[in-house]
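Hi everyone, thanks for making time.

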Amino acid sequence: MEKNIIINENHLKPLFLKLLKLKKDNLKQVSFVHIGDSHIQADISTKVIRTELQRYFGNAGRGLIFPYQLAKSNAPTDIIFSSNSNWKGSRLIKKNPEIPCGISGFAIESMEPNSLINFKFRGTETFHKFDKLTLFTNKEIKNVNLIEDTAKYSVKDGVLDFKFDGLRSNFNIVCNDSICTKLYGIFLENSIDKGIIYSAIGVNGAKYSDYNSEVLFWEQIKNVKSDCYILSMGTNEAQNIVLTPESFVESIKETIDKIKIFNPEAVFILSTPPVSFYKKVVPNKKLKDFSDAIMAYCIDNEIALWDLFEISDGLKGSCEFAKNQLLVNDLVHYSRKGYELQGYLFIEAFAKSWNNYINSLSTIKMN
């Protein structure tokens, strides 16, 4: 537990200043974007992080979501999508996909006219409400309607912004164009209440290089400007026995450089990959090499680091996690309990850094 800290926490001072203004009602919203692989797509650890941050700082919306059910992939438990049409799905790990993938790292396409998409939060998941909705679709789309609603909307280059009169927790959209409809992501925002927006972008099997090579992803993510980007990958790279730590870090650097082009003021938290096994036989030693490389890169560039691999006791910890059934049968992915543990560990580390920042301000005032 003593290792559960954020290293180079001074890098986060601009973020903490915004959060302090948020607490003092001098700022309306602070945004986080968490990018990763299958550990993030499930939105179990990130749901813990999102929920805890919003309980303390306020809830400004669910952020980015995607109709994973229509793409026939696993989805976060709190969102339900349905449709009257058949949709063809794609994700950015495919080489030269028929459908380029956008802001969610996914895409769905329907060739059927008047394709209807229904959305609601599951059961009692009423924590999130929204009065603004941004739809990321293909640039040719001009005619999209919200059924039984008179929401105002504007459209530019496939980005449709809807504004409702009040807060709500569901929507029904129909695409009236005769051309094919593509959908890349949906952003839900509560512009009435102040607080945190925390978007999780995760794709099963994804690597830094997959995101780096997807042009449409970078075109669209500019529309969701964040104050803090959390980057959590490395598990899939570590399954490649020929990939060097140097090449891996170059991919991380490329991702950060791409973000800095359109958002130079953003701060970053890098996470080392969680412990896992290689081919279900032995703890994956490449994770140690990659984690050391991330550590060196963060120290050299004064970027904040949450060293999940070391917090989990590294290669030795892999066996403990498996023994305590925090890893599932493939010994790469985690049980719900395991992912929730990761989320609470991150929140504790973040809280330590936040409290250090607040205490430093008190010390300055006393002096």
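Okay, let's begin with Asp-43, which sits in the loop between H2 and H3. Keep in mind that this is a predicted model. Asp-43 isn't a glycine, yet its phi is positive, about 55 degrees. Why point that out? Because most residues other than glycine have a negative phi. And is Asp-43 buried or exposed? Its relative accessibility is 5%, so Asp-43 counts as buried.

There's also Leu-331, again not a glycine, with a positive phi of about 60 degrees. You'll find Leu-331 in the loop between helix H9 (314-323) and H10. Leu-331 counts as buried because its relative accessibility is 17%, and the cut-off for buried is under 20%.

H2, H3 and H10 each supply at least two lining residues, with H10 giving the most, three.

Last stop: Glu-237, in the loop between strand S15 (228-232) and helix H6 (245-262). Glu-237 is buried but has no salt bridge. The nearest side chain of opposite charge belongs to Lys-207, 6.8 Å away. What Glu-237 does have is a polar side-chain atom 3.1 Å from the backbone nitrogen of Gly-234. Leaving out residues up to four places away in sequence, Glu-237 touches several others, including Tyr-208, Phe-248 and Phe-290.

Conventions. Residues are numbered from 1 along each chain as its sequence is written. This is a predicted model: local features need pLDDT of at least 70, side-chain atom pairs count only at pLDDT 80 or more; totals for chains, interfaces and linings use all residues. Side-chain values use heavy atoms; hydrogens and water are left out. Helices (H or I, at least four residues) and strands (E, at least two) are DSSP runs, numbered from the N terminus. Buried means under 20% relative accessible area, exposed over 50%, partly exposed in between (1.4 Å probe, protein chains only). Lys and Arg count as positive and Asp and Glu as negative; His and the chain ends are not counted. A salt bridge is a side-chain nitrogen of Lys or Arg within 4 Å of a carboxyl oxygen of Asp or Glu. A polar contact is a pair of N or O atoms within 3.5 Å; within protein, one must be able to donate a hydrogen and the other to accept it, and residues adjacent in sequence count only if both atoms are side-chain atoms. Contact means heavy atoms within 4.5 Å.
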